[in-house]
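This report is for a reader who is meeting the structure for the first time. Please look over the sequence and the model below before reading on.

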Amino acid sequence: MIRQKRPTQQYKLLQKEYDDVYKDIMLNGYDFSGPYTERCQEKLKEITGRKHMNMTISGTGAITAAIYALDLFDKKVAVGSWNYSACVNQYQAFSKPVFVDCDDNFFIDIEKIPSDCDAVMLVNYFGNVVDYDKLSSMYKGKVVADCSQALGATYKGRTDGYFGDVSTFAFGGQKPLGTRGFAGAIGTDDDDIAYRIDCVINQGKVGENRNNKTEMLGFRGTPQELQCGMLYVGMKYYKEWQEKRKKIATQIQDELSDCPLRFIKTNYCDSGYFKLPFELDNRDKFIAFMHEQGVDAQVTFLDDWNVVFGDGTPMPNTQKMISRTATLPLSPFFSDEEVTIIIEAVKKFYKQG
């Protein structure tokens, strides 16, 4: 099966670097918030232009830290009804989410965000980026921007991760930059918010210094050195991998341009090419067929969160995307032969009607 996640192949490619990091961590007894954490934070600041960056235990941990740091407890937060669970659950637990329909590019529909919401949760899906300028012109509340799937994407010349009161990241194994378990990050340009983030992820104390008094609520949100070490190895290659994904994505899109499907992309950003998302008829039959051909096509997300947690008001675009969208895998480690197999499998599906 041609899959997105390639841990074995990635390890073999960079085995010496990964092994050296592992030995360094084990021999020096690093466990959390050590030198590899610091290196990842500095690299992410370089990539995004953020003034402050903290690594976290996971992407979900980063979102939770944002809720704490921005004091969104019991506050109204606009959240996309078409969404990944990690970008919804924390707001359902701690805030008062107001579910908003998505647009045709999977993003929360900016024009439908209620003006009385205290904050909005943006999520940049499949490498594409929300139209930040449009949001800024229409909404003035606090902004959390989740950039987990768009690291490496650019919006009007700036690498994603710079926008909003805070930006959050997740680094699971199939992300544009991934580790072998879970890690996350949260960035901001605001000194006061950064101070609160530091307290939050260290159980209420800056740097978890036992000699300091607890300043606020917090949780165990600090990252593990082993995960940061593995992630840091990949950070050295993120631009190279980005270009390879872009080349493969462009080839697939070009060669399938005559097929009756709509690749989901924007005209105002250069994608990070996390996966290849598209809208099509007969989605479930398509996925079943692709699996038979050895290609791990997947559905996108299947929950209408306004039905699960909200008042059940119909969300037309959410329902459309739930039933009509899928993704093709996309990896910088694909061989030319694997790319050809993906393309020919899609053509075969349409050829057979």
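## Basis of the model

This is a predicted model, in which local features need pLDDT of at least 70 and side-chain atom pairs count only at pLDDT 80 or more, while totals for chains, interfaces and linings use all residues. Residues are numbered from 1 along each chain as its sequence is written, and side-chain values use heavy atoms, with hydrogens and water left out.

## A four-stranded sheet

An open sheet of 4 strands has the order β10-β12-β14-β13, with antiparallel pairing. Because β10 (261–263) and β13 (298–299) stand at the edges with a single partner strand each, one side of each has no neighbour in the sheet. Strands pair if DSSP finds at least two bridges between them; strands (E, at least two residues) and helices (H or I, at least four) are DSSP runs, numbered from the N terminus.

β10 and β12 (residues 276–280) run antiparallel and are joined by 3 bridges. Phe263 has Phe278 of β12 as its bridge partner.

## Helix α10

Helix α10 (residues 283–292) lies across β12, β13 and β14 (325–328), and runs at about 20° to β14. The angle is taken between N-to-C directions, on a scale from 0 to 180 degrees, with axes fitted to C-alpha atoms, for helices over the stretch in contact.

Arg283, Phe286, Ile287, Phe289 and Met290 of α10 are buried. Seen down the helix axis, the buried residues of α10 fall within an arc of 165°, so they line one face; the arc is that of the directions from the axis to the C-beta atoms. These buried residues pack against β12, β13, α12 (316–324), β14 and α13, where contact means heavy atoms within 4.5 Å. On the face turned away from the buried side are the exposed residues Asp284, Lys285 and Glu292. Buried means under 20% relative accessible area, exposed over 50%, and partly exposed in between (1.4 Å probe, protein chains only). Just after α10, Gly294 has a positive phi of about 85°.

## Nonpolar cores

The largest nonpolar core has 47 residues, and Leu122, Tyr132 and Phe171 have the most contacts inside it. Its largest share, 5 residues, comes from α8. Such a core is a set of buried Ala, Val, Leu, Ile, Met, Phe, Trp, Tyr and Cys residues joined through side-chain atoms within 4.5 Å.

## Glu337

Glu337 is in helix α13 (residues 336–351) and is exposed, with a relative accessible area of 59%. Glu337 and Gln4 are 333 residues apart in sequence and 15 Å apart in space, C-alpha to C-alpha.
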